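Me: I'd like to learn how to read a few features off a model. Could you walk me through one?

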Amino acid sequence: MLRVTGLKKQFEADRGASVAAVDNVSFEVETGKLLTLLGPSGCGKTTTLRSIAGLEEPDGGEIQIGSSVVFSATRRFSLPPNRRRVGMVFQSYAIWPHMTVFQNVAYPLEGSGVPKREVRKRVEHVLALVGLEGFIERPAPFLSGGQQQRVALARALDMTGPRVDSQRNLSAPATLCRCGTSSPWMERPAGEYPGAKSISRITVKPSPTLL
Ligand SMILES: Nc1ncnc2c1ncn2[C@@H]1O[C@H](COP(=O)(O)OP(=O)(O)OP(=O)(O)O)[C@@H](O)[C@H]1O
Ligand SMILES: [Mg+2]
């Protein structure tokens, strides 16, 4: 379950003016459900996702993932991104050009303290799911646009696997996906993805009128 309550974020805009990128947004996504944020360009979709992942510090509101409050403005509490266990496909993919495909997908897992041997196993698994098993050691810049998109998806799926450092299999609380195109590998049964039945997912789409 993912719950966003009264989320607010302002940015400093040109000449000292400020822009309300997210203004009092609330929603809830139950475990196993998919929610799509739909709205015109600039309405605050990405800022909302970045806030959930911990990459933006909101000015107000509360974010709860599973049973944990990961951000609370009133309590002045913000859990660091690497401790939120949220996968995110970035709008511009955010593939690190100085890394191989393996390193790109492994990086968030390594940052979460997953043991090396387990990292390799999980990375190989998600790369096979998105059809990139033959590209593991390739430098990321030497990929097509679609292949880079799949690396970005694999990196997000990676975070949704069961925790390997725990006695219990804890499922990941949330995956945030921006899936702009449909491809054959997107049409795999949801159950094939790690933790697919036990996560909440959000996609964002521009307003249909702007397509
Ligand atoms: N770092 C920033 N500094 C200043 N303003 C920002 C910053 N990031 C976003 N904004 C502004 O906040 C508003 C919301 O931006 P956001 O990126 O969340 O929109 P979006 O809904 O994802 O749009 P799109 O569909 O074009 O991706 C916009 O007006 C944008 O110009
Ligand atoms: Mg956006």
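Here is a short chat about helix packing, the core and some backbone angles.

Reply: First, the ground rules. This is a predicted model, where local features need pLDDT of at least 70 and side-chain atom pairs count only at pLDDT 80 or more, while totals for chains, interfaces and linings use all residues. Residues are numbered from 1 along each chain as its sequence is written, and chains are lettered from A and ligands numbered from 1 in the order in which they are written.

Me: At what angle do the axes of α2 and α4 cross?

Reply: Two packed helices are described by the angle and the distance between their axes. Here α2 (residues 101-111) and α4 (residues 145-158) cross at roughly 25°, with their axes coming within 8 Å. Angles under 35 degrees count as roughly parallel, and α2 and α4 are therefore roughly parallel to each other. The crossing of α2 past α4 is right-handed, that is, the near helix is turned clockwise from the far one by less than a right angle.

Me: Which residues of α2 and α4 meet?

Reply: On the α2 side you'll find Val101, Asn104, Val105, Pro108 and Leu109, and they meet Val151, Ala154, Arg155 and Asp158 of α4. Contact needs C-beta atoms, placed from the backbone, within 7 Å. The residues of this α2 and α4 contact split into six nonpolar, one polar and two charged.

Me: Which residues have the most contacts inside the largest nonpolar core?

Reply: A nonpolar core joins buried Ala, Val, Leu, Ile, Met, Phe, Trp, Tyr and Cys residues through C-beta atoms within 7 Å. The largest one has 37 residues, and Val105, Leu127 and Ala154 have the most contacts inside it. Its largest share, six residues, comes from α4. Leaving out residues up to four places away in sequence, alanine 154 touches Val105, Val126, Leu127, Val130 and Leu132.

Me: Is lysine 45 buried or exposed?

Reply: Count other C-beta atoms within 10 Å: 20 or more is buried, 12 or fewer exposed, in between partly exposed. Lysine 45, in helix α1 (residues 45-53), is buried, with 25 other C-beta atoms within 10 Å.

Me: What is the phi of asparagine 24?

Reply: Most residues other than glycine have a negative phi. Asparagine 24 has a positive phi, near 65°; this residue is in strand β2 (residues 18-29) and counts as exposed, with 11 C-beta neighbours inside 10 Å. Tyrosine 93 also isn't a glycine, and its phi is positive at about 70°. Tyrosine 93 is in the loop between β7 (86-88) and α2, and its 17 C-beta neighbours inside 10 Å make it partly exposed.

Technical notes:
Axes fitted to C-alpha atoms, helices over the stretch in contact; angles between N-to-C directions. Helix = DSSP H or I, 4+ residues; strand = E, 2+ residues; numbered from the N terminus. Parallel < 35°, antiparallel > 145°, perpendicular 65-115°, else oblique. Contact = placed C-beta atoms within 7 Å. Nonpolar A, V, L, I, M, F, W, Y, C, P; charged D, E, K, R; others polar.
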